[in-house]
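Open the structure in your viewer and keep the selection tool ready. We will go stop by stop.

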Amino acid sequence: MKSSLYIILFLSVFASCSSSPGGGSGTGTPLPTNQLKPLTDVEALDQVQKDAIKYFWDYADPNSKLARERYLTEDPNFESNIITTGGSGFGLMSIIVGIERGFLPRAEAVSRLSTALNFLEKADRFHGAWPHWMDNKEGKVIPFGTKDNGGDLVETSFVCQALITIREYFKNGSTSEKELAAKADVLWKGVEWDWYTKGEDALYWHWSPNYAWEMNFKLEGYNECLITYIMAASSPTHPISAEAYHKAWARSGAIVNSGSQYGIPVVLNYNGATGNVGPMFWSHYSYLGLDPNSLIDKYADYGVLTQNHAKIMVQHSIVNPKGWKGYSDKCWGLTASYTRNSDGTTGYTAHQPNNDTGVISPTAALSSFPFAAVEAMKFLHYLYDENKAQYVGIAGPYDAFSPHYNWVTPRYLAIDQGTIAPMIENYRSGLLWKLFMNASETKQGLTKLGFKSEKYGI
């Protein structure tokens, strides 16, 4: 399963982070909730957005103002030098949400964003692409794997999605805000997307100054990389051809799948899960800025695709084929996150219907508000009204828990925490969707690839 190569790389890195049996909260009677009365829906939405934003504000790296890869409440200094590129992109968008909602002081937020973009400007870049990980002092690459010590085009595309959003949000603001917008514009235009084709009709994930193209990971759909092709096609400086999208990403049409789960069409061929769906983050990372509603091309209606993904995930928990304790229409959501290993230690895996270990990842449901609002709201109240003391910590919901094993890991990952506030905001106001989709380059790129959206005049 070629599509699982990157997950395998992810697992090999996270294996070194597995804790001792004491790394998670394990046995005993569930802790009582400290919620005196149920929150209203609006109160709950406000609270979870505020909490998730804390990861990128209260717990941001103090030097770069970007996002730490992870935060372990039991060991706060663990890998505190590692900055994550993609998670930082999500964090930049989370801060915009915080400004718009009045959760963060605008002037201070602009100052922090300026510091972050200045750091990105000076950080290591490889034909314009940032590495997956970098150190928090000078932005020097930290290898994500032996041969993954150069540019990471997918993580870079998550940052560029944020940079366009920042530009659009601040371009008509104060002098300092206009300077921030201009900086964001220069940074994203510096990515050499065409370099990452290797001269083929395809995009490749990695390039290393030491190992060149040895990672050899062609971006083929369907997974979380749709935004990478859209950003590459939208670039006014280093664009790719439409053929790359159709031949590589869409596999010359083979990306389409006629299968269904629980009577719900899967629409596209999820890599490594043909006829089923993959982890929920595949409907989150590309769609923080990209609005799937009314978005169509010759392969899919992306509103239907993302909604069906969430509906299948909900039904999986209701039907609960493995009989896990606690699964229901208010306790659902499988995605890549920390997990409980069979020996009780904490590890990492890409949870999905074909890889269900009895572990629920809060970001899976919370970031799916635009696609399954009723069930996402049930989950939100399940967390904050029924289980807040057990499952919610200093920066919002913990990364993963299991009612079956009475287990929770008191840890956070930037890539999981970072999609919560933006996707909830898209559900509430469409803010980030409007900013990104109305950018001229986005419209040109989508048109080039054959997309249409009545909502945005494409």
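Which residues form a nonpolar patch on the surface? Select Tyr 262, Ile 318 and Val 319. Together they have about 260 Å² of accessible area. Keep in mind that this is a predicted model.

**Stop 1: Tyr 262**

Stay on Tyr 262 and look along the chain on either side. This residue lies in the loop between strand S7 (260–261) and strand S8 (264–265). Its relative accessibility is 36%, so Tyr 262 counts as partly exposed. The cut-offs explain the label: partly exposed lies between buried, under 20%, and exposed, over 50%.

**Stop 2**

Pick Thr 84 and look across: its bridge partner in S3 is Trp 133.

**Stop 2: a hairpin**

Next, select strand S10 (residues 336–340). How many of its 5 residues are buried? The count is 4, so S10 is largely enclosed by the rest of the structure.

Click Thr 339, then find Gly 347 in S11 standing opposite. Now follow the hairpin from S10 into S11, with 5 residues between the strands. Stop at Gly 344, which takes a positive phi near 90°.

**Stop 3: Asp 51**

Move to helix H2 (residues 41–57) and pick out Asp 51. Is Asp 51 buried or exposed? At 5% relative accessibility, Asp 51 counts as buried.

Which residues does Asp 51 touch, leaving aside those up to four places away in sequence? Show Tyr 384, Val 392, Ala 395 and Gly 396 to see them.

**Last stop: confidence**

Colour the chain by pLDDT. The average is 93, and 92% of the residues score at least 70. Then select residues 1–35, where the pLDDT is below 50. Beyond near neighbours in sequence, this stretch has 82 contacts in the model.

Terms used:
Residues are numbered from 1 along each chain as its sequence is written. This is a predicted model: local features need pLDDT of at least 70, side-chain atom pairs count only at pLDDT 80 or more; totals for chains, interfaces and linings use all residues. Side-chain values use heavy atoms; hydrogens and water are left out. Patches are made of residues with over 30% relative accessible area and no salt bridge: like charges are joined within 9 Å, nonpolar side chains (Val, Leu, Ile, Met, Phe, Trp, Tyr) within 5 Å. Accessible areas come from the Shrake-Rupley method with a 1.4 Å probe; for residues, only the protein chains shown count as cover. A salt bridge is a side-chain nitrogen of Lys or Arg within 4 Å of a carboxyl oxygen of Asp or Glu. Helices (H or I, at least four residues) and strands (E, at least two) are DSSP runs, numbered from the N terminus. Buried means under 20% relative accessible area, exposed over 50%, partly exposed in between (1.4 Å probe, protein chains only). Two strands pair if DSSP finds at least two bridges between them. pLDDT is the predictor's confidence in each residue, from 0 to 100. Contact means heavy atoms within 4.5 Å.
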